[in-house]
Amino acid sequence: MKRGIVSAVLATSLALGGMALLENLPGVASWTPMIVAHADTPQSGKLGSCDYTLSDGVLHIGAGTLPEAAKDMGGMYPKVSPFFPLIFGVPTAVKAISFDGKVQTPPDASYLFVNLVSSNDGKELDNPPVPQIKNWQNLDTSQTTNMAGMFRASGQQTIDVSDFDTSQVTNMSEMFKENGNLTGNIIGLNSGKFDTSHVTDMTSMFYSVGSYSFQLTLDLSGFDVGQIELGGFNSMVGPAENAQLAVDFSNWHPQVPLDRIFTGSLYGDCPSQLTLNGNLDLSNAGLAEIYTDPTEENPAYTGNWENQDDRYNNDKETYSSAGLMAKYGSDASQRPQGNLTYIWEPETLPIQGKPVTVHYIDEAGTTLQADLILTGDAEEPYTITPPEIKGYEYVENPDVQLTGEYNATDSREVTLVYKLLPTPPVTPTTPGTSTDSSSDSETSVPDEANSLPVARKDRAITAVKKLGLYQTPDFSKKTRQFYYAKQTRTKRPQFVITGVAQSKNGTKRYVVRDVTANSKRYGKTGYITARKAFTVHTYYQSTPKTVKVIGAKGVNAYRSVSLKGKVKHYQRGTVLRVKKIKRHNLTTRIQLTNGAYLTANKNLIIQK
């Protein structure tokens, strides 16, 4: 754990002369000195315009506006958190900072919570606690433009930014740097409010983060990085010592190369899982070579990367870190397309566990949302967390096992039952006052939409009619982002279903991500109609007898179902005989009568 120079200076100041010296310390001179009282005496005062009270080890912060962090002259951090002197200056340990009212962060919130890891030092405790932030939802960040170093070395076990409004923020450098105490993922990085569209600097944003106790996942797939300037990705991500780190860059559209994005890890480690896409130039990313010290908990790895989809295959292509960066090099035409996940290759090929399928139904047996299919290695543990479903409450059942291990031989099915909550009375609307003044047929006929079967999550679908992409499940002109025009077969928009939602009147909607290759809307997310007249499965779900190649560039046939080992190229117009359909992860493949495999994408082949 890092200890700032300012900690030592503050400790010396307090030891020599109490808060009188603290008042004159450079960087904290503006703070009103706090009188040190007995440990059982509540203390109170002003922090900015917020009233605070320290009681029973909790620093309670009332409504108001927080002050900026003061400059630190000579310390190891650029600024001193305004919370630091309040916590350091009392003899008893402060366990929590609780935001009890709506608290506004200042426009410059840089280093607001920096170095809380050492704020309880010098209190004659063997293992001083780190003050943990409570009631994150009460932090109002809507006026903040600078979040550089905001939580650097904050020592938080949980960081929740799901209610942060970052629409005005331009600087997020070092924002979460050196947080090695995390016991869970950072919550809300993909929330609608955590907006990065104006951010130009993300240097060291997630530098040295994680924990040895679990694999930290940074789901950055919703980040808009189009404004990041050259050099603005330097040392952006890297695991803390002995930490396992998974990073998801899917759907990114940067305008500059990701130069040195992995460079600068304190320990020379690199993430253990990366989700990449064809828009990323990693030629100078600084990805370190894989090195691990095998233990009972940490198996031996070959030092290479493998495509996660191929982890159970003996016949697969692997890459060194340098090779993976070259694969996503400066020549965009040579990069793999779509989102692909790469993981460290273990020395021993894992045994694939059979899937665990989770069903969600009401007490009448009606499906409420798409099935969740869990997969993993045999004997690997899994946990099912019943999600919140709007309008329903999960019914706990001791006979339903929510934890277990994947089995190498038997698939499992788990059914979660929910009960309908009472519906509040609906105020009738006057004719002509509908929130959607358009006559778009995709928003109509709610009864028909409710009777539709729910498509599975993670299945790919293709639009066959004009449809809109909306910001919420309640369709209106106000919530519509844009329309997709009806297209010819080979140019139709494609989506992946990431969930199922309901509008206020109970109409089912698909939550989707645009995966249309080479589209300017690639990666966009939102809601579309679930009416089956508007979409079809992108990949064939049943076996046609023959197919015709319709892709402009033809299709390739491969030796394996993972489409590895090219054996032949078929030109447009070629008719092929089909043996069977075979499912592969989220898609299907066509197996020809000659044993070769090709894509089952309806935009590239058509049933004859």
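The model is predicted, so local features need a pLDDT of at least 70 and side-chain atom pairs count only at pLDDT 80 or more, while totals for chains, interfaces and linings use all residues. Residues are numbered from 1 along each chain as its sequence is written, and side-chain values use heavy atoms, with hydrogens and water left out.

**Confidence**
- pLDDT is the predictor's confidence in each residue, from 0 to 100; the chain averages 84, and 85% of the residues score at least 70.
- Residues 429-440 stay under 50 and have 12 contacts beyond four places in sequence, a contact being heavy atoms within 4.5 Å.
- Residues 444-454 are also below 50, with 20 contacts beyond near neighbours in sequence.
- Where pLDDT is low, the predicted coordinates should not be read in detail.

**Whole chain**
- The chain has five helices and 38 strands, which are DSSP runs (helices H or I, at least four residues; strands E, at least two) numbered from the N terminus.
- Of the 608 residues, 49% are buried, meaning under 20% relative accessible area with a 1.4 Å probe, protein chains only.
- Among contacts with a separation of 6 or more, 70% join residues 24 or more positions apart.

- Four strands form an open sheet in the order E20-E19-E24-E22, with mixed pairing; strands pair if DSSP finds at least two bridges between them.
- Strands E20 (367-374) and E22 (392-394) are at the edges with a single partner strand each, so one side of each lacks a neighbour in the sheet.
- E19 (residues 356-362) and E24 (residues 412-420) run parallel, joined by seven bridges.
- Tyr360 stands opposite Leu416 in E24.

Key:
Buried means under 20% relative accessible area, exposed over 50%, partly exposed in between (1.4 Å probe, protein chains only).
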